[in-house]
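Q: Before going through a model feature by feature, I would like to know how each one is to be read.

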Amino acid sequence: MNARAEAEPALCARELYRFYRSGDEEVFALRGVSLTVDAGETVAVVGPSGSGKSTLLACLAGLDEPSGGEVRLRGHRLSHRSEWERTRLRAQHVGVLLQSGNLLPHLSVRDNIRLPQHGVPGRPALCADELLDLVGLSERGHALARQLSGGQLARAGLAVALANSPAVILADEPTGELDSTTEQSVLALLTAQAQAGKAVIIVTHSSRAVRRADRVITLADGIATAGRDETARQAS
Ligand code: ADP
Ligand code: MG
């Protein structure tokens, strides 16, 4: 990586807008969200259901295109490019853990990990077996997604997200369905990634995840504010 790219933040979003039109109605999911996340940081994104968290994450990952504004990864513009270019940039720089899961159902966990490693030049930093070991699934590499428990599925999804040693890790409610022991282990794996120099963004409702984060961003009606959502915390 050249020195200029090194000096850029891992992830920078500027004035993101996203609106959806259905018939005569317009829904503003994001209204001018800006955020910068540096390597080594864990940022939690919180906010009520429908506040725009998943939309924000999809725009940061280049899975969705913002209606306005832009996302940069290490200075490379991700937004307003062809789908092919966004896919290439995502494969190189981003690991995504979606609410819907990121494992293809007909492939084993090991093959799900290998799949993204095929598209990127050079040897992966960690091979599939090392990643399985990292997330505590060395015995389950041959299993299909439907043969895993919820906690195993979350850890397998994390191994897939880490397959290409991405600089940026984006997770949408990764611990939403987990018991507290499994939640702790997934959060520990994610924050260890930040300590290893990645930028980690976690959309979450979990107070544990919020406590572990270096910073918290609260979304309300598509608008972001820095800091913890005191009203939500007091109410819960
Ligand atoms: P959150 O993840 O915080 O629950 P979302 O980002 O999923 O919120 O949604 C934000 C807003 O955008 C909601 O009002 C939702 O109904 C709307 N929305 C999300 N996706 C679509 C879509 N594909 N079409 C229309 N409206 C959408
Ligand atoms: Mg959501």
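Predicted model: local features only at pLDDT ≥ 70, side-chain atom pairs only at ≥ 80, totals over all residues.

Q: In what order do the strands of the open sheet lie?
A: Strands of a sheet pair through backbone hydrogen bonds, in either a parallel or an antiparallel sense. Strands here are DSSP runs of E of at least two residues, and helices are runs of H or I of at least four, numbered from the N terminus. Two strands pair if DSSP finds at least two bridges between them. In this model 6 strands form an open sheet with mixed pairing, in the order β6-β7-β8-β3-β9-β10. Because β6 (94-97) and β10 (223-226) stand at the edges with a single partner strand each, one side of each has no neighbour in the sheet. From one strand to the next the twist averages 20°; axes are lines fitted to C-alpha atoms, for helices over the stretch in contact, and angles run from 0 to 180 degrees between N-to-C directions.

Q: In what sense do β3 and β9 pair?
A: The pairing of β3 (residues 42-46) with β9 (residues 215-220) is parallel, over 4 bridges. Val43 is opposite Arg215 in β9.

Q: Is α2 mostly covered or mostly uncovered?
A: Buried means under 20% relative accessible area, exposed over 50%, and partly exposed in between (1.4 Å probe, protein chains only). Of the 9 residues of α2 (residues 53-61), 8 are buried, including Lys53, Leu56 and Cys59. The helix lies across β3, β6, β7 (168-172), β8 and β9, at about 155° to β7; contact means heavy atoms within 4.5 Å. Gly62, with a positive phi near 75°, follows α2.

Q: What surrounds Thr204?
A: Thr204 sits in the loop between β8 (199-203) and α8 (207-212). Thr204 counts as buried because its relative accessible area is 3%. Leaving out residues up to four places away in sequence, Thr204 touches Ala44, Val45, Val46, Glu173, Thr175, Ala209 and Val210. Its side chain also reaches the backbone nitrogen of Ser206 at 2.9 Å.

Q: Which residues lie nearest the centre of the largest pocket?
A: On a 1 Å grid over the protein atoms alone, a pocket is an open set of points with protein on both sides within 12 Å along at least five of seven lines, and lining residues have an atom within 4 Å of a point. The largest pocket holds about 550 Å³ of space. Of its 25 lining residues, Arg90, Ala91, Val94, Pro116 and Val160 lie nearest the centre. Helix α3 (83-93) is among the elements that give two or more residues to the lining, and its share, 5 residues, is the largest.

Terms used:
Residues numbered from 1 in each chain as written. Chains lettered and ligands numbered in written order. Heavy atoms only, no water. Polar contact = N/O pair within 3.5 Å; in protein donor to acceptor, adjacent residues only side chain to side chain. 1 Å grid on protein atoms, 1.4 Å probe; cavity = no way out; pocket = protein on both sides within 12 Å on 5 of 7 lines; lining within 4 Å. Points joined across faces, edges and corners; volume = space filled by probe spheres on them.
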